[in-house]
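Dear colleague,

Please read the notes with the model open beside them.

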Amino acid sequence: MRTSRAIVQEGPRRLVPHDLPLPDIDDQSALLKVEACGICGSDAEQYAGLLPVPFPLIPGHEPLGTIERIGDGAAKRWGVDVGDRVAVEAPIPCGRCRVCLAGRYPMCRARGSFFAHGYVPLSRAPGLWGGYAEYLYLEPCALVHRVRPDIPPEVAVMFNPLGAGFRWAVDIPDTGPGDTVLVLGPGQRGIACVIAARAAGADTIIVTGLTRDAPKLALARRFGADHVIDVEQEDVRRRVKELTDGRGADVVIEVSANAPEPVAEALHYVAPGGRIVLAGVKGFRSVPDFVSDLIVMKEAKILGAFGVTSPAYASAIRLIESGRVPLAELHTHDFPLADTERAIQILAGEVEGETSIHSCIFPQR
Ligand SMILES: [Zn+2]
Ligand SMILES: [Zn+2]
């Protein structure tokens, strides 16, 4: 029997290589040969044990690969065949429940808990549910998008962070021409929000970060930010006012890591009638100094954003294939499968002297 090498997370900060048997593929399923798998902040949280996930499992929720085997029914339904390159969406939604029908399928709980690639336990057959493996099982409810084969893999695999940029910075707040967009946090997701807002025709784009984020803020400028603000050196409320003719930002997107304070600050930055998108999780901590009167008096809208859905994935893939944006400059690190743990530690900022913007794993190396 053929097997797949896989990195299994057995518990917090414990990643162990395993060999797992390749599953049989029926009429409605497929097997993906994983070419690359992106890494993001959720991977670092999962590694640290901060997410309620059932161990042991294979992490990795941003897989890109080629169809190795596929059933006739699945081939017809997805419009792909053996040898086609596809981006795989993280969620595996039931497609039938209320949230699925409303298009919010990252919240589908029809199978009990968050059911997505990288989050399903090994105990659920066939076990190959994560992207940190040579092969990934695609079950009937998986969602795939065809990606042109000539795009370099480290760029093609950016469909996930860019998809988040399109959903969080454009689709959810309905951003368009004339909008001033303020992005709080210059990480991978923040820069993706800049790229997406720029593609959507936003007017002025402003990004905030810490002093040590200077290289990331420079990248944000390179990808379309008109202004950047160092929150440790500048009075952000005043700067935002200055840069927006005293109005504030029409759209504020909160994608900073961990700290709850920017959520309260966002209320000061938003324009009357503006939209605030909260997409960075804060470990279920409450937000100090949250002045709700500002929401009332500005008639601001506060919108949550969790995960990515098909229209945003499709926008991201179109942008990648267009070649219009120098996305390769965002790619900082790639790793063979055996170095997955180090990859996550670098992303989490645990390795002195290494700063990751976009990293990925190449499971065939
Ligand atoms: Zn991710
Ligand atoms: Zn559902």
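Predicted model: local features only at pLDDT ≥ 70, side-chain atom pairs only at ≥ 80, totals over all residues.

Residues are numbered from 1 along each chain as its sequence is written, chains are lettered from A and ligands numbered from 1 in the order in which they are written, and side-chain values use heavy atoms, with hydrogens and water left out.

To begin with the metal, the zinc ion (ligand 2) is held by the SG atoms of C94, C97, C100 and C108 at 2.3 to 2.4 Å, where donors are N, O and S atoms within 2.8 Å of the metal (3.2 Å for Na, K and Ca), and sites may look incomplete because water is not among the atoms. The angles among the 4 donor atoms run from 106 to 114 degrees, which makes the site tetrahedral; four donors receive that label if all angles lie between 85 and 135 degrees. For reference, the ideal angle for four tetrahedral donors is 109.5 degrees. Along the chain, the donors follow the spacing C-x2-C-x2-C-x7-C.

If residues up to four places away in sequence are left aside, L162 touches A192, I195, A316, L319, I320 and L327, contact meaning heavy atoms within 4.5 Å.

The count of salt bridges comes to 20, each being a side-chain nitrogen of Lys or Arg within 4 Å of a carboxyl oxygen of Asp or Glu. One of them joins E350 and R13, at 3.0 Å from N to O. E350 lies in the loop between helix 12 (340-347) and strand 15 (358-362) and R13 in the loop between strand 1 (3-11) and strand 2 (14-21), so this pair ties together parts that are 337 residues apart in sequence; helices (H or I, at least four residues) and strands (E, at least two) are DSSP runs, numbered from the N terminus. Both partners are partly exposed, E350 with a relative accessible area of 41% and R13 with 42%.

A further salt bridge brings together K282 and E254, again at 3.0 Å from N to O. K282 lies in the loop between strand 12 (270-278) and helix 10 (293-298), and E254 belongs to strand 11 (residues 249-254), so the parts tied together here are 28 residues apart in sequence. Both K282 and E254 are buried.

Strand 15 is mostly covered, with 5 of its 5 residues buried. H358, C360 and F362 point one way from this strand, whereas S359 and I361 point the other way. Strand 15 pairs with strand 3 (residues 30-39) in the antiparallel sense over 3 bridges, two strands being paired if DSSP finds at least two bridges between them, and I39 stands opposite S359. With strand 14 it runs parallel, joined by 5 bridges, and there H331 stands opposite H358.

Finally, some backbone details may deserve a look. The peptide bond between F55 and P56 is cis, with omega about -5 degrees, and P56 is placed in the loop between helix 1 (41-48) and strand 4 (63-70). A cis bond also leads from A125 to P126, with omega near 0 degrees. D174 has a positive phi, near 55 degrees, although it is a residue other than glycine, and at 61% relative accessibility D174 counts as exposed. The phi of D289 is likewise positive, near 60 degrees, and D289 is exposed at 69% relative accessibility.

With best regards

How values were computed: Tetrahedral: all angles 85-135°; square planar, octahedral: opposite > 155°, others 65-115°. Buried < 20%, exposed > 50% of the residue type's maximum accessible area, 1.4 Å probe, protein only.
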